Structures are given as structure tokens and as C-alpha cells.
Amino acid sequence: MPFRPNRPRDFSGQQPQEKLLSRDFILLFCMSMCCNSYLAVFYCFEQWLEGLAVSPNWRGILLASLAAMVLLFRPVASVVFLKRNKLPPLLCTIILSSCVMLAYPLVPHDHVVGMVWTLRIVQGISLAVYSCCVVAVMVSCIPKGQSARGFALFSLTTLLPYSIIPAVGERILPLLGGEPYLFAATAMLGIPALCMLLPLAPKLRASEIPPAEADQLTARKLIHAASHSGLAFIYLGCLTFSIMVSLAIYFIKGLCVETGARPEWFFLTYTITMILIRLFGGHLLDTLPRYRVVPICALTLVCCLLGLAWAPRSLFFLCACFYGISLGLLYPLLAATVYDRSTPETRSINSNVMMLTFDASGMIGPLLGGAVVNAGWGYRGVFSTAALLIAACGASMVLDRLRLAWWEHKDKRQRLRSWER
């Protein structure tokens, strides 16, 4: 019989690498992008309230109230919905958020604070349930070894609305007749979001944690997982980082009024820069040394924020570009650190704890920014405060590395002593 060379065979026993861009991941991505537009449209919320003669402190409170509700209700949602079918809560929250957006044009001018406060509270509770369910399902869609790339790609669900909504919003605001009608127009994005629930139904019905562990999931275990994760400095870095982002998003339009720059160009420039980095450099994110890159990015952000506030307007575009580059690297590396240092059993819980720091920042950031403006330091003072916060983020990453080095040194000494005995 003539010799026929066999095809190359893989004797390593390794399974082929699972694809990150699965059908469920793409559907979750598109659905989240539609729903995150409900938040991106609030880039002009603070200036709208200023036009209605609402005081700076009340503007901060109204901005913070949505995030405060998310912060309060996410732990409850994590305990209740992580082990249940997520299709009904997602259906209800998308409809409820759309109805809230449609209600803004109906707010009477003589009861602005009370009515807007109510709308923000309702939308915050809805967002808490929605984001908890989506994050839990998204984490289960990320293959092992692709955490940084997965978080980087999924974060585009926030970036894309911020690159599109402000640019389009500034163009159509005069045609719509004001900010409340712009808020209402975004409610139409709830229709495609609802359409994506149908093909996602099998994934949403499945629990991403084993039934035995789901039955034991309680609020006490959630708190225990957060307090014993060894991620305290990482969570602190996530908190200070996200407060900085919150201040930049909600107060950039006020800063541009002072400096004469265009807020839509800030959003468009930095989001496009981030998108390009994550699309073309996403495969490299998991190879970057996180404890070196994050402090460098934090230092760059300090310079960018101070440049946006105090540098000549000719440097506005350059600062926005480097802001986007640094932001594009920093967030996925922080998120991947939480993901990789969690066990499979605590990964969903720790990811939701990380999201809690983002919720807290959405409450602290507007309150802090409103207090700074009310103290007479203006919007330049707000961005100087943001620069201090992102410096603290870089410092927290350095402290976490020192803590790990100390524990490694202590472990080596203990093993050496046991060997000598």
C-alpha cells in the first residue's frame, strides 16, 4: 500500500479556544448599547437644570439620585436575580426606563425638582436590576484567558452612545425644542432592545452559577465575598477612577461654556479614540503588565484633565485624544484584574461588587461636582478635583502591588522556616 502522509494531528489534548464574539455576547452587546443611550443623553442634564434656575447643590442631588438608587438596589438585585430567570426583569426594566424617558416633557416647570427626583429614583431602581442581570450573563459569556478583551469590547456599549448621542443631540436640540424632548426621543431605542430579548431567552433563563451554590447565595455571602476577596485597593481604584469619569461626563458642558470649547467634540474625540484602541488593540490587553500600565495611564489622565481645564483652547483636541487613549487602557485592565483574581464561584459576585463602585461614583461624583461649583471654584475646579481622584486611582494600584509583594515575601519566609525545621 502506498504511503499517504496523515494530516497533522494535535496530541496536546487541548480544546480549541472558545470564541469571545459568540451570538449571545453580540446580542447582549447591542441590547446594552441601546439601553445605555438612556444614560448618555444626560450629558446635558446639568445644563438643563441650570437653565431652569435649579441651584448647584440640587443639580448635584438630582444627578446623584439615579446612581444612589442603583447603589442601594444592586446588592438586592444581585441576591435575588443571579439565581433566577433574567428574562422577566429585563423585559420590565427596559419598558419602565422607556416610559421614564417619555415622561420628561410632561414635567411641570413649577415642580421640577420633585418630579425629576421621582423620575430619577424610578429609573435608578430599574437600572440596578437591568445592569445586574446583564453583567451576570455577560461574565458567563467570556471565555477563559480573554477577560481583558471581553471587558474592553463590552465597555463599548457605553462608549458608542457617548460618541453618538452628544454629537447628534447638539444638532437636533433646537429642532426638538429642548432637552426634555431629546430625553424622550431616546426612548425609541427600547424597541430594538426588546426585540433582542427573544433570541437571548435561552441564555437568560439559564443560571451562570451551579444550583447548589445559587441556593446558598445570600446577602451575607455577598458581603463576605467582597470583604475577603483581597481586592480592596483595586475596588478603591475603580471607585476613584469612576468618580473622575462621572465628573468629566456631567460637567464637561459647563466647562466648555467657560472655555468656549465644544462639548460634543470632546465626547466624539475621546470615545472614537477609545473605540479604535479597543478594537485594534484588544487582543494585546491581556498581555499588558497591569501594575505598570495603570499608574502610567492615571498620570496621563491627570495631565489631560488639568489641560482641559487650564490649558489654551488649542490643546483641547490633544487633551481629549490622550484622555481617550488612557481611558481605553485603564478600565479594561482594572476590570480584568478583578476577573482574574476571582474564583469561578465568586466571579459574578466580585464583578457586581466592582459595578457597585461605579454606582457609588455616579452618586458621589455629581454631589462632589455640585459642591465644588457651589463653593465658587467653577467648572475648572471640578476638573482639578477629578485630576486628584485619578491620581489616587494610580496610587491604589501601586499599593495593591506592594501588598501582594509583601504577602509573597511573607509566604516565602514561612516556607523557608518550615523547611529548616
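In this predicted model, Arg 262 counts as partly exposed, at 44% relative accessibility, and its side chain meets that of Glu 264 in a salt bridge with an N to O distance of 2.4 Å. Glu 264, by contrast, is buried, with a relative accessible area of 9%.

| Salt bridge | N to O distance |
|---|---|
| Glu 264 and Arg 262 | 2.4 Å |
| Arg 23 and Asp 24 | 3.1 Å |
| Arg 403 and Asp 400 | 3.8 Å |

Asp 24, the partner of Arg 23, has a relative accessible area of 18% and is therefore buried, the limit for that class being under 20%. Arg 403 and Asp 400 both belong to helix 18 (residues 378-420), where they lie three residues apart, about one turn of the helix; Asp 400 is buried, with a relative accessible area of 0%, whereas Arg 403 is partly exposed, at 24%.

Turning to the nonpolar packing, the largest nonpolar core has 126 residues, and those with the most contacts inside it are Met 31 and Tyr 323. Leaving aside residues up to four places away in sequence, Tyr 323 touches Met 244, Val 245, Ala 248, Phe 266, Tyr 270, Leu 301, Cys 304 and Leu 305.

The axes of helix 1 (residues 23-40) and helix 4 (residues 87-103) come within 10 Å and cross at roughly 35°, and this crossing is left-handed. Met 31, Cys 35 and Tyr 38 of helix 1 make the contact with Leu 90, Ile 94, Ser 97, Ser 98 and Met 101 of helix 4; of these residues, six are nonpolar, two are polar and none is charged.

Note on methods:
Residues numbered from 1 in each chain as written. Predicted model: local features only at pLDDT ≥ 70, side-chain atom pairs only at ≥ 80, totals over all residues. Heavy atoms only, no water. Core = buried A, V, L, I, M, F, W, Y, C linked by side-chain atoms within 4.5 Å. Buried < 20%, exposed > 50% of the residue type's maximum accessible area, 1.4 Å probe, protein only. Contact = heavy atoms within 4.5 Å. Axes fitted to C-alpha atoms, helices over the stretch in contact; angles between N-to-C directions. Helix = DSSP H or I, 4+ residues; strand = E, 2+ residues; numbered from the N terminus. Left-handed = near helix turned anticlockwise from the far one by under 90°. Nonpolar A, V, L, I, M, F, W, Y, C, P; charged D, E, K, R; others polar. Salt bridge = Lys/Arg side-chain N within 4 Å of Asp/Glu carboxyl O.
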